[in-house]
Amino acid sequence: MKYKLIGKNNIKKPLESFLENRGINNIEEYTNLDESCVIPYNKLDNIHKAVALLIKHIENNSVISIVVDPDADGYSSAAMIWNYIKKAFPETQLEYILHSGKQHGLSPDINIRDGVNLVILPDGGTNDTEQCKELSQRGIDVLILDHHIKDKDNPYAVIVNNQISDNYSNKEFCGAGIVYKFLQALDDECWDSYADNFLDLAALANISDLMDMRNYETKYLTEKGIHRIKNKAFAAFVKSQEYSIGNHLNINAVAFYVAPLINAMCRCGDFDEKELLFKAFIETEDFFKYKKRGEKEEIDESIYERAVRLCKNAKARQDKTVQKHLPSLKSWIEERQAHKTPVIFAKSVDIPGTFTGLVAMKLADCYNRPCLVLRKCTDGTYGGSARNNDTSPIVNLKETMCSLNLFEFCQGHNSAFGFSIKPGNVPKAINACAEQLSHLDFNTVPVDFELDFADFNTGFIRDIDNLKDYFGTGLKAPKIFIKNIILQRNQGVVMGKDLSTWKFITDDNFAFIKFKNQKNDTVLKYLNSEGNCGDVVINAICRVSINSYMGVLTPQAEILKYEVV
């Protein structure tokens, strides 16, 4: 087990150490952000053209169609602009279009009917050049409010995009963030003050779309948004998870307990369910009859309650599907030693296409290296999703793959994107990665702190637990290397539905737990063995926290990796 200590291992000042290890040098400034870090919207190219275009169509009583991208950012950004227009210009002829699956932008399933005058694409469309050209030829204007990297020129739409605005330094702002800036510009043009009513959805989108929270503006506006939730659907999701969130709503809580429910619906919900979710975000006040399991009487269920319940069901279906397919894909990878190469290329036969990104992310985390999950397409090529992991020495996976000149395309974010590649180029790409990236170290785990078990105490755990308000993308919870942990058999127990988790409660009331172990796990075998056994001493890489269960607080270390001493 290889690890690398980053930073100065100053366990007396965990906040300073944690932030410095994440590249934040001005601790005082970052921990006291205010309005001064907000970039004026007029730094975005074409922002005034975009406002003028929308106002022209509103004044002309045009039919305006909003395309809703199928993820939390897409739903949030589309709902923001829908709700703003309905508030400020209630007579506007608005309609929305949802995708049939997990497609993005002006994909083939999006049909813009005759009679539409303006199409708005929040969180997508920058690279849809041919589709925008066709709409332009039909006399339909296109407004794009996006944050995706530009891969091709698109002169057929008015595009507001932070990635192609040189004067807008924040590139870690999602589609809903750009919509928020657009609504601010609308406010000023129309002498209104509605934009801040929708900052909560921009915050939800920034968290869900994994925007880097080390960016001052993104961090400041995201925290501001989640502490003034106004959208009824967002509020319903938070309320439904109040047991897990408790009284501590922060970026990390939204990332773990709210965003996954919405993204699960976008992956595996049917069309009617996804439309109901969007109607909840645009606050359509519908009620439904619903009979709880085991109950005789039907009750009235609001659209918000129904949306949350259906999203939880979708999350359960998603998890079941992933757990069904992940073991066989891991076996495929390990049989071919694909995880020994710098970048994993994993061939999937039966995983649904909407799950390739999620599976690629789980594999990247499991093997601590980038992963591309490939599926055979109808045209004979391989398509799929690529994901990079947090500790990868490859800073820009998309750029690295593009530099091989073997892919038909790579489109999306730098660490999360879709791709297409011809079958004959797959082995060439694997070999090229092995040759060009073999010098990189993918096996060493970076840790923030290192200490001996004898020095491990409740005060240190509490200090680390108090950092949770800072956790987010780019600021993942610190990992701690703990040496010489003594595990006594009478303190251990095997847990879980499949008896694959083990847990020890020490004499000092520390809980050490490791989830979902293989059958040949050393400590698991130790606990399941018969006869008298001595203590086991391990070194472990852990995440620590104060665990709350049934009102009982327990200092806990979740073991990620370990070695027997």
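How many residues does the largest nonpolar core have, and which of them have the most contacts inside it? In this predicted model, the largest nonpolar core has 123 residues. Those with the most contacts inside this core are Phe182, Leu183, Phe281 and Phe456. Among the secondary-structure elements, helix H4, which spans residues 72-88, gives the most to the core, contributing 10 residues. Apart from this core lies another, made up of 22 residues, including Phe417, Ala432, Cys433 and Phe442.

When its neighbours within four places in sequence are left aside, Phe182 is in contact with Ile47, Ala50, Val51, Leu54, Ile81, Leu143 and Leu145.

Helix H7 comprises residues 199-208. Because 10 of the 10 residues of H7 are buried, this helix is largely enclosed by the rest of the structure. The buried residues of H7 include Leu199, Leu201, Leu204 and Ile207, as well as Asp200, Asn206 and Ser208. Also buried in this helix are Ala202, Ala203 and Ala205. H7 is followed by Leu210, for which phi is positive, near 60°.

The cysteine residues were considered next. A search of the whole structure finds zero disulfides. For Cys37, which is in no disulfide, the nearest cysteine sulfur is that of Cys174, at 16 Å. Cys37 has a relative accessibility of 14% and therefore counts as buried, the cut-off being under 20%. Cys268 is likewise in no disulfide, and the nearest cysteine sulfur, belonging to Cys311, is 9.4 Å away.

Technical notes: Residues numbered from 1 in each chain as written. Predicted model: local features only at pLDDT ≥ 70, side-chain atom pairs only at ≥ 80, totals over all residues. Heavy atoms only, no water. Core = buried A, V, L, I, M, F, W, Y, C linked by side-chain atoms within 4.5 Å. Buried < 20%, exposed > 50% of the residue type's maximum accessible area, 1.4 Å probe, protein only. Helix = DSSP H or I, 4+ residues; strand = E, 2+ residues; numbered from the N terminus. Contact = heavy atoms within 4.5 Å. Disulfide = S-S within 2.5 Å.
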